[in-house]
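Student: I'd like to go through this one term by term. Can we look at the labels and ask what backs each of them up?

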Amino acid sequence: LSGAVHVEAVRLKSLSPTSASRSGGTVVTLTGCDFGDAQGSGRVTLGGIEAAVGTWSNTQISITVPNMGTFTGPTPVRVYPDVGGPSNDLNITLTN
C-alpha cells in the first residue's frame, strides 16, 4: 500500500516483580517491545490507575506502583504508548 504507515503492536511480555503492596511504592520493571524510544505522552496503568514512570525505552519501562486503595489480588497492567494502541494486559498481584 502506497503511503501506508506500519505501526508495530505494543507487546508487554513480563513484569518484575510480579507482586507488590497495594499501599504503593514498589518499583516494577516492565519488559516488552515497541513501547517507543521516548515516553512522550505515553503512560502505564494498573487497574486503570496511572503509575509514575521512572524510565522508558522501546523495550523496558520502570514504574512505581501508586497507592491502589482497596485493590487486592490480580490487577491488570497496561502500557499506552505515545503512538499507537495500548498493549496487552499482564497481571500484577497486589497484596495487603
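Predicted model: local features only at pLDDT ≥ 70, side-chain atom pairs only at ≥ 80, totals over all residues.

Student: How many helices and how many strands does that come to?

Tutor: Zero helices and nine strands.

Student: Why does the radius of gyration of the protein chain agree with a compact globule?

Tutor: For 96 residues, a compact globule would have a radius of gyration near 12 Å, and the protein chain has 14 Å, which agrees. As for the box, the C-alpha atoms fill roughly 55 × 20 × 20 Å along the principal axes.

Student: What share of the residues in the protein chain is buried?

Tutor: Buried residues make up 29% of the 96. The accessible surface comes to about 5200 Å², and carbon and sulfur atoms account for 49% of that.

Student: How far apart in sequence are the residues that these contacts join?

Tutor: Take the contacts between residues at least 6 apart in sequence: 55% of them join residues at least 24 apart.

Student: Now the core. Which residues have the most contacts inside the largest nonpolar core?

Tutor: Leu30 and Val79, in a core of 19 residues. At least two core residues come from each of E1, E3, E4, E7 (60-64), E8 (73-80) and E9 (90-95). As a general point, nonpolar side chains tend to be buried together in soluble globular proteins.

Student: What does leucine 30 touch?

Tutor: Setting aside residues up to four places away in sequence, leucine 30 touches a list that includes Leu12, Phe35, Val44, Ile61, Ile63, Val77 and Val79.

Student: Why is isoleucine 61 called buried?

Tutor: Buried means under 20% relative accessible area. Isoleucine 61 has 0%, so it is buried. This residue lies in strand E7, and its contacts beyond four places in sequence include Val28, Leu30, Phe35, Val53, Trp56 and Val79. Isoleucine 61 and leucine 30 are 31 residues apart along the chain, yet their C-alpha atoms are separated by 5.1 Å.

Student: Why is threonine 31 called partly exposed?

Tutor: Partly exposed covers what lies between the buried limit of 20% and the exposed limit of 50%. Threonine 31 has 28%, so it counts as partly exposed. Threonine 31 is in strand E3, in contact with Arg11, Leu12, Lys13, Ser14, Thr59 and Gln60 once neighbours within four places are left aside.

Student: What about aspartate 34? How do you know that it counts as partly exposed?

Tutor: Aspartate 34 has 25% relative accessibility, which falls between 20% and 50%, so partly exposed is the label. Its place is the loop between strand E3 (27-33) and strand E4 (43-46). Look at the backbone too: phi of aspartate 34 is near 65 degrees, a positive value in a residue other than glycine. Most residues other than glycine have a negative phi, and most peptide bonds are trans.

Student: Which peptide bond is cis, then?

Tutor: The one from serine 16 to proline 17, with omega near 0 degrees. Proline 17 is in the loop between strand E1 (11-16) and strand E2 (19-21).

Student: What makes proline 17 partly exposed?

Tutor: Its relative accessible area is 34%, between the 20% and 50% limits, so proline 17 is partly exposed. Beyond four places in sequence, proline 17 is in contact with Thr26, Val27, Val28 and Ile92.

Student: Last one: how many side chains of the protein chain are positive, and how many negative?

Tutor: There are 5 positive and 6 negative, with the centres of the two sets 11 Å apart.

Notes:
Residues numbered from 1 in each chain as written. Heavy atoms only, no water. Helix = DSSP H or I, 4+ residues; strand = E, 2+ residues; numbered from the N terminus. Rg over C-alpha atoms; globule rule 2.2 N^0.38 Å. Buried < 20%, exposed > 50% of the residue type's maximum accessible area, 1.4 Å probe, protein only. Contact = heavy atoms within 4.5 Å. Areas by Shrake-Rupley, 256 points an atom, 1.4 Å probe, with all protein chains shown as cover. Lys, Arg positive; Asp, Glu negative; His and termini not counted. Charge placed at Lys NZ, Arg CZ, Asp CG, Glu CD. Core = buried A, V, L, I, M, F, W, Y, C linked by side-chain atoms within 4.5 Å.
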